[in-house]
Every structure is written in C-alpha cells, then in structure tokens.
Amino acid sequence: MIGEAEAALLDRSRVAHLATAARDGTPHVVPLCYARDGDAIYFIVDEKPKQAGKRLKRLRNIAENPAVALVVDVYDEDWDRLEYLLVQGRATTVADAAEFAHVLGLLRARYPQYHRMRLDLGRNELVRITPVKVHHWRSNPTS
C-alpha cells in the first residue's frame, strides 16, 4: 500500500498530524512523532508533559472510533516543491511485547530524545495505524 515515494516522504519527515474523531464525529488533530515499519505507522504516548490523570483525547477517540487520518507534508515558498501524504487507516493499541520492543527501537532511532524517556509496555501506549487508503500529492511529480 505504501510505495517507495510514500515511504521516502514518511521516512524523511519529522512530524505528522493525526486526525481522530470522537463517536459523535467531533474532530481532533494533533502533531506527533512516529515511526514506520513496512506499511504500519506507529506513535507512542511519551513522557512529554500531559494532563495528569487523564487519558489523551486522541486515545479516547481511537477507542471509540478507530478510523484515523495521518498527514505529513512539505511546505516550501517555491510552490513547485509542495508535497503531502494522506494516510487513512485504522488505529489500534499494541499489546504484544515483541512488537512494542521492536517499534520502540525504531522510534528511538528516529528521535534521540526517546532515549532519555522511560517508555514501557503497560505504562506508555503504543498505537499502530494500518493504512486502508493512501493519497500522495506533489506539485511537481517529476521532482
């Protein structure tokens, strides 16, 4: 589902924007760090400051409605260099210890800041997005 050009954009981009929706359809969009493993895209609830004692809205939304959208984009003042990738998919929390450990390694390789954080299965939720539909757009497809 994710081809070479799409994988290259995901791998070179540093931040994505995740859109979730509550059961009633109320949208919610947040920036996040992520890692890709094949077609799957992952993010973890890390140790950056959060509202104490409350599950994140994105996770509450995913529990109610696992349909999500993820966007990575490239903006440039030269509009011949504009590009974005929209991934529509289904999100689920990872419970498998081996998958968690593997993906944590991928996340730490992309974001050295994660090396300083205690990130553990059962303590930090890891979410896998499985793509259902992918749309890649470039203003200049030959570049």
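Visitor: Which residues of α3 are buried?

Guide: In this predicted model, the buried residues of α3 are Glu99, Phe100, Val103, Leu104, Leu107 and Arg110. Their directions from the axis cover an arc of only 130°, so they sit on the same side of α3; the arc is taken from the helix axis to the C-beta atoms. On the other side of the helix, Ala98 and Ala109 are exposed.

Visitor: What are the ground rules behind the numbers?

Guide: Because the model is predicted, local features need pLDDT of at least 70 and side-chain atom pairs count only at pLDDT 80 or more, while totals for chains, interfaces and linings use all residues. Residues are numbered from 1 along each chain as its sequence is written, and side-chain values use heavy atoms, with hydrogens and water left out.

Visitor: Why does glutamate 99 count as buried?

Guide: Buried means under 20% relative accessible area, exposed means over 50%, and partly exposed lies in between (1.4 Å probe, protein chains only). Glutamate 99 has 18% relative accessibility, so it counts as buried. The residue is found in helix α3; helices are DSSP runs of H or I with at least four residues, strands are runs of E with at least two, and both are numbered from the N terminus.

Visitor: What does glutamate 99 touch?

Guide: Leaving out residues up to four places away in sequence, glutamate 99 touches Tyr42, Val94, Leu126 and Arg128. Contact means heavy atoms within 4.5 Å. By that criterion, what covers the buried residues of α3 includes α1, β3, β4 and β7.

Visitor: What makes the meeting of glutamate 99 and tyrosine 42 a polar contact?

Guide: A polar contact is a pair of N or O atoms within 3.5 Å; within protein, one must be able to donate a hydrogen and the other to accept it, and residues adjacent in sequence count only if both atoms are side-chain atoms. The two side chains come to 2.6 Å, so the pair qualifies. At the start of α3, a side-chain oxygen of aspartate 96 is within 3.2 Å of the backbone nitrogen of alanine 98.

Visitor: How do you know that the span of α3 agrees with what it should be?

Guide: The expected span of a helix is 1.5 Å times one less than its number of residues. For the 14 residues of α3 that gives 20 Å, and the end C-alpha atoms are 20 Å apart, so the two agree.

Visitor: How many salt bridges does the structure hold?

Guide: The structure holds seven. One of them joins glutamate 125 and arginine 55 at 2.7 Å, N to O. Glutamate 125 lies in the loop between α3 and β7 and arginine 55 in the loop between β4 and α2, so this bridge ties together parts 70 residues apart in sequence. Another joins arginine 81 and aspartate 76 at 3.7 Å. Through shared partners, Asp76, Asp78 and Arg81 form one network.

Visitor: What makes arginine 81 exposed?

Guide: Its relative accessibility is 52%, which is over 50%, so arginine 81 counts as exposed. Aspartate 76, at 23%, is partly exposed.

Visitor: In what sense do β1 and β2 pair?

Guide: Strands pair if DSSP finds at least two bridges between them. Strand β1 and strand β2 have six, in the antiparallel sense, so they pass. Histidine 17 stands opposite proline 31 in β2, and alanine 16 stands opposite leucine 32. Three bridges also join β1 to strand β5, again antiparallel, where histidine 17 stands opposite valine 71.

Technical notes. A salt bridge is a side-chain nitrogen of Lys or Arg within 4 Å of a carboxyl oxygen of Asp or Glu.
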